[in-house]
Amino acid sequence: MHPPALANRSERVHDADAAIRQTDSDAALARLSAVRKGYLTDRFISSLVPRAQLQPLRPPLINTGTYVRSEAIDRLVEQWLELSKSEGQLCQIISLGAGSDTRFWRLMDGPWKEHIGAYFELDFPDVTLKKAMAIRNPRMRSPNDARITTSAMILVDLGGQALHSSRYHLLPCDLRNPPADIFPNLFKEYLSPALPTLLLFECVLVYMSPEASSTLIQWFVDFFSPSPHTPSPGALGCTVYEMFGLEDPFGQVMMSNLRARNVSLPGAKPYPSLESLPSRFLRHGFTSAKALTLRNIRSNYIEPSELERISSLEMLDEVEELNLVLEHYAITSGVKTSAASISSWNEWGLRPVKPQLTDIM
């Protein structure tokens, strides 16, 4: 038997991308488990998980971490929508590396439907192709916006890899490519620089080179800067969820486990500490930025009654390990506003429900 031939560069990139895409499958399975155990409510996630009814439940540690992540980001999104509403404006949300996320449909099921001007999801073309097929399944239909999945209201584009409706846009791309080369033709006239816009990155930038992620953020900063056509652009917000501080022993174990799956984290190196995370936004001229670990969020930003509820769902024995894991994941939020609107948009952010541990501003 001959040794395997060395893979060429394109094959190695493809293999690495497949490993990254698998992390989204892991996240979808974790969310499905958290929903089935009662941590979260999401009637759409099963439509995006193959053979959902046959998937095994995840351990309590994963269910708890999934809950904290989802609860925190959901609150940030809803607060952004509330601020947009108070400004009398519709809101745009752009989920980059959206994968199997169901947030758009969950928002359509709630009170925010009329306040969303446009919702964009971007990911690898093969990811958007599969999601486009799932979206057309009647189970993905929101009772508040049933038309989202009817053929009469959907424009299928780019060979089935892209979808457009009155509010929802599914767009295929590789976010590592120069945004100036791909975004104008993707967003076209659908994205407005005049509306308040929130960017969501959930475990995305950590898989990219620091240079690529910096270029990506700067494109949006430039797009939402004053111009002759848009002298008063909308506020720009950004939320990043990812691991950090991987230099310590526990972080090295995490890195080793990911390397065994052919996953590397080039984007983690510039952020060895919680204190370093806000610089991702501040260097691009954001007005303010703040980082919180998931451990801090769980301890101080979730109501005690809710913590009591989820603790009653199943026994959690690995409390020490849970704290270690949550200490290595953070949510960083930043906002860039004009001088005229700085006071109102500075209110955006998670609010503690009791005296807090360290957070970074």
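User: How much space lies in the second largest pocket?

Analyst: That pocket holds about 350 Å³. Among its 21 lining residues, Arg31, Thr41, Asp74, Glu78 and Arg106 are the closest to its centre. The model is predicted, so local features need pLDDT of at least 70 and side-chain atom pairs count only at pLDDT 80 or more, while totals for chains, interfaces and linings use all residues. Residues are numbered from 1 along each chain as its sequence is written, and side-chain values use heavy atoms, with hydrogens and water left out.

User: What makes a space a pocket and not a cavity?

Analyst: On a 1 Å grid over the protein atoms alone, a pocket is an open set of points with protein on both sides within 12 Å along at least five of seven lines, whereas in a cavity a 1.4 Å probe fits but cannot get out; a lining residue has an atom within 4 Å of a point. A volume is the space filled by probe spheres set on the points, which are joined across faces, edges and corners.

User: Which helices supply at least two residues each to the lining of the second largest pocket?

Analyst: Helix H2 (60–86), helix H3 (103–108) and helix H10 (304–311) do. H2 gives the largest share, five residues. Helices (H or I, at least four residues) and strands (E, at least two) are DSSP runs numbered from the N terminus.

User: How are the residues of this lining divided into nonpolar, polar and charged?

Analyst: Eight are nonpolar, two polar and 11 charged. Asp, Glu, Lys and Arg count as charged, Ala, Val, Leu, Ile, Met, Phe, Trp, Tyr, Cys and Pro as nonpolar, and the others, Gly among them, as polar.

User: How many cavities of 30 Å³ or more does the search find?

Analyst: Two. The largest has a volume of about 50 Å³, and its lining consists of Leu76, Lys290, Leu292, Ile331, Ser333, Gly349 and Leu350. Four of these are nonpolar, two polar and one charged. The second largest cavity has about 30 Å³, with Val68, Glu71, Ala72, Arg75, Ile297, Tyr301, Ile302 and Leu350 as its lining. H2 supplies four of these residues, the largest share.

User: Why are E3 and E8 called edge strands?

Analyst: The open sheet has nine strands in the order E3-E4-E5-E2-E1-E6-E7-E9-E8, with mixed pairing. Strand E3 (155–157) and strand E8 (288–293) each pair on one side only, so they are the edges. Pairing requires at least two DSSP bridges between two strands. Neighbouring strands are turned by 15 degrees against each other on average, direction ignored.

User: How do you know that E1 and E6 pair?

Analyst: Five bridges join E1 (residues 91–96) to E6 (residues 197–202), and the two strands run parallel.

Note on methods:
Axes are lines fitted to C-alpha atoms, for helices over the stretch in contact, and angles run from 0 to 180 degrees between N-to-C directions.
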